[in-house]
Amino acid sequence: MSSNAQLLKQFDLLAEEDFAKMLGVSVKTLKNRRHDDLPEFVKAGRRRLFKAQSVREYLERHTVNRAA
């Protein structure tokens with residue numbers, strides 16, 4: 001595991017590229033979204049590192065309940 005991956009895991013962060021893959025969109029599409037429509041993130045240079053707990057909460061809020 002690279003030192004970068006270890007740091008992401010240690011601080012419970014998700015790389016922007018990985019979050020975009022989870023959503024099935026490109027990083028460019030993710031960058032074009034409004035900040036208030038994204039989970040909390042940390043700016044690291046030009047990169048955004050998303051807080052894993054915020055990503056889980058974001059996914060819960062955007063889950064469609066078909067039973068309802």
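Colleague: What should I know before we start?

Modeller: This is a predicted model, where local features need pLDDT of at least 70 and side-chain atom pairs count only at pLDDT 80 or more, while totals for chains, interfaces and linings use all residues. Residues are numbered from 1 along each chain as its sequence is written, and side-chain values use heavy atoms, with hydrogens and water left out.

Colleague: OK, why is arginine 48 called buried?

Modeller: Buried means under 20% relative accessible area, exposed means over 50%, and partly exposed is in between (1.4 Å probe, protein chains only). Arginine 48 has 5% relative accessibility, so it counts as buried.

Colleague: And where does arginine 48 lie?

Modeller: In strand S3. Strands (E, at least two residues) and helices (H or I, at least four) are DSSP runs, numbered from the N terminus.

Colleague: What makes arginine 48 and glutamate 16 a salt bridge?

Modeller: You need a side-chain nitrogen of Lys or Arg within 4 Å of a carboxyl oxygen of Asp or Glu. For arginine 48 and glutamate 16, N to O is 2.7 Å, which passes. This pair links distant parts of the chain, with arginine 48 in strand S3 and glutamate 16 in helix H2, 32 residues apart.

Colleague: What does the side chain of arginine 48 do with the backbone oxygen of leucine 30?

Modeller: A polar atom of that side chain sits 3.2 Å from the backbone oxygen of leucine 30. A polar contact is a pair of N or O atoms within 3.5 Å; within protein, one must be able to donate a hydrogen and the other to accept it, and residues adjacent in sequence count only if both atoms are side-chain atoms. The side chains of arginine 48 and glutamate 16 make a polar contact too, at 2.7 Å.

Colleague: How many salt bridges turn up in the whole structure?

Modeller: The search finds 5. One of them joins arginine 56 and aspartate 12, at 3.7 Å from N to O. Arginine 56 is in helix H4 and aspartate 12 is in the loop between helix H1 (3-10) and S1, so the pair ties together parts that are 44 residues apart in sequence.

Colleague: Why is arginine 56 called partly exposed?

Modeller: Its relative accessibility is 42%, so arginine 56 gets that label.

Colleague: What about glutamate 17 and arginine 47?

Modeller: Their closest N and O atoms are 3.2 Å apart, and they form a salt bridge. Glutamate 17 belongs to helix H2 and arginine 47 to strand S3, so this pair ties together parts 30 residues apart in sequence.

Colleague: Which residues of helix H4 are buried?

Modeller: In H4 (residues 52-61), they are Ala52, Ser54, Val55 and Tyr58.

Colleague: How do you know that they line one face?

Modeller: Down the axis of H4, the buried residues fall within an arc of 155 degrees, so they line one face of the helix. That arc is taken from the directions from the helix axis to the C-beta atoms. On the other side of H4, Glu60 and Arg61 are exposed.

Colleague: And what covers the buried residues of H4?

Modeller: The cover includes strand S1 (13-15), helix H2 (16-23) and strand S3 (47-51).

Colleague: What does serine 54 touch?

Modeller: Contact means heavy atoms within 4.5 Å. Not counting residues up to four places away in sequence, serine 54 touches Pro39 and Glu40. Its relative accessibility is 7%, so serine 54 counts as buried.
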